[in-house]
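Let us learn to read a few features of a protein model. Look at the picture, then follow the questions.

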Amino acid sequence: PTLTFIEHNGTEHKVSADIGQSVMQAATFASVPGIPADCGGACACATCHAYVDEGWLARLPAPDSTENDMLDCAFERRDTSRLTCQVFMTEELDGLVLHLPASQF
Ligand code: FES
């Protein structure tokens with residue numbers, strides 16, 4: 001599947017991902033800027049934060065309580081906020097669009 005990251009400045013990055021891979025891993029592998037992912041995917045840093053495009057939100061499983069708590073540490077949390085290390089690619093998520101926040105801190 002492929003996914004698209006849109007930076008805060010509008011720059012788009014189309015990235016291919018493997019099934020089961022986290023969205024964060026796909027972004028990191030493709031060197032998408034703006035996702036430092038400091039904790040390496042342990043749901044402990046909130047620097048892999050992104051906003052899920054509105055049209056996709058209902059198709060993602062809801063965040064678990066650990067992710068939800070950690071999201072409170074994210075920069076400018078919104079209803080569409082997710083930690084991308086906790087979103088895993090499936091065939092159904094082919095085409096997923098994520099918007100990157102202005103900052104991760
Ligand atoms: Fe640290 Fe996602 S990489 S919370």
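Q: How many bridges join strand β1 to β5, and do they run parallel or antiparallel?

A: Two strands pair if DSSP finds at least two bridges between them. Here four bridges join β1 (residues 2–6) to β5, and the two run parallel. Leu-3 stands opposite Leu-96 in β5. Strands are DSSP runs of E with at least two residues, helices are runs of H or I with at least four, and both are numbered from the N terminus. This is a predicted model: local features need pLDDT of at least 70, side-chain atom pairs count only at pLDDT 80 or more, and totals for chains, interfaces and linings use all residues. Residues are numbered from 1 along each chain as its sequence is written.

Q: In which sense do strand β3 and β5 pair?

A: β3 (residues 49–52) pairs with β5 in the antiparallel sense, over two bridges. Val-52 stands opposite Leu-98 in β5.

Q: Which side chains along strand β5 are buried?

A: In a regular strand the side chains alternate between the two faces of the sheet. In β5 (residues 96–99), Leu-96 and Leu-98 point to one face and are buried. Buried means 20 or more other C-beta atoms within 10 Å of the residue's own, exposed means 12 or fewer, and partly exposed lies in between; C-beta atoms are placed from the backbone.

Q: Why does Glu-76 count as exposed?

A: Because Glu-76 has 10 C-beta neighbours inside 10 Å. Glu-76 sits in the loop between α2 and β4 (81–83).

Q: What is the phi of Glu-76?

A: Most residues other than glycine have a negative phi. Glu-76 is not a glycine, yet its phi is positive, about 45°.
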